[in-house]
Amino acid sequence: MTTRIVIDTSVFIGALISTTGANRELIRRCLKREYQPLMGNALFSEYESVMNRSEILTKCLISQKEIEALLAAFINVSQWVSIYYLWRPNLKDEADNHLIELAMAGQAKIIATNNIRDFHNSELIFPDLAIKKPEEIIRN
């Protein structure tokens, strides 16, 4: 069974900005279906919002049309998950709570993020959910 994973916006944007590295490799592995990425309404909206910021577009080495094609391909391999229960782990960055909720609703084993520290000191503990940087994931 393929490992279910939530890809934080920081990882997707990191893959857009760099032509190499762990962020891009993890997205590539998701596209090859080595991991089963999960997607929800909040995460999709966040992807669209951040990837269309002018400061992000100027850093990208690919065109906006290519960015949109990559997002479409990523969505195509993602499993859409509806969230019916809000866990509210009260993370340091409130905007990251939706990642935990998506992971729990979709039974993910991993949240891939470049902002590990934002997930420390949560009020709720999820022992079966690992929070990892892309480089940790692709090393295994």
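1. Which residues of α6 are buried? In this predicted model, the buried residues of α6 are N97, H98, L99, I100, E101, L102 and A103. Just after α6, Q107 takes a positive phi of about 55°.

2. The largest nonpolar core has 36 residues, and those with the most contacts inside it are I5, V6, I7 and F12. At least two residues of this core are supplied by each of β1 (3-7), α1 (9-17), α2 (22-31), β2 (35-39), α3, α5, α6 (97-105) and β4 (110-112), while the largest share, five residues, comes from α1.

3. For I7, if its neighbours within four places in sequence are left aside, the residues in contact are F12, L26, I27, C30, L43, Y47, F74 and A112.

4. Helix α3 (residues 41-51) packs against helix α5 (residues 64-77) at an angle of about 165°, and their axes are 12 Å apart. Since angles over 145 degrees count as roughly antiparallel, α3 and α5 are therefore roughly antiparallel to each other, and α3 passes α5 in a right-handed crossing.

5. On the α3 side of this packing, F44, Y47, E48 and M51 meet I67, E68, L71, F74 and I75 of α5. By class, the contact of α3 with α5 comprises seven nonpolar residues, two charged residues and no polar ones.

Notes. Residues are numbered from 1 along each chain as its sequence is written. This is a predicted model: local features need pLDDT of at least 70, side-chain atom pairs count only at pLDDT 80 or more; totals for chains, interfaces and linings use all residues. Side-chain values use heavy atoms; hydrogens and water are left out. Axes are lines fitted to C-alpha atoms, for helices over the stretch in contact, and angles run from 0 to 180 degrees between N-to-C directions. Helices (H or I, at least four residues) and strands (E, at least two) are DSSP runs, numbered from the N terminus. Angles under 35 degrees count as roughly parallel, over 145 as roughly antiparallel, 65 to 115 as roughly perpendicular and the rest as oblique. A crossing is left-handed if the near helix is turned anticlockwise from the far one by less than a right angle, and right-handed if clockwise. Contact means heavy atoms within 4.5 Å. Ala, Val, Leu, Ile, Met, Phe, Trp, Tyr, Cys and Pro count as nonpolar, Asp, Glu, Lys and Arg as charged, and the others, Gly among them, as polar. A nonpolar core is a set of buried Ala, Val, Leu, Ile, Met, Phe, Trp, Tyr and Cys residues joined through side-chain atoms within 4.5 Å. Buried means under 20% relative accessible area, exposed over 50%, partly exposed in between (1.4 Å probe, protein chains only).
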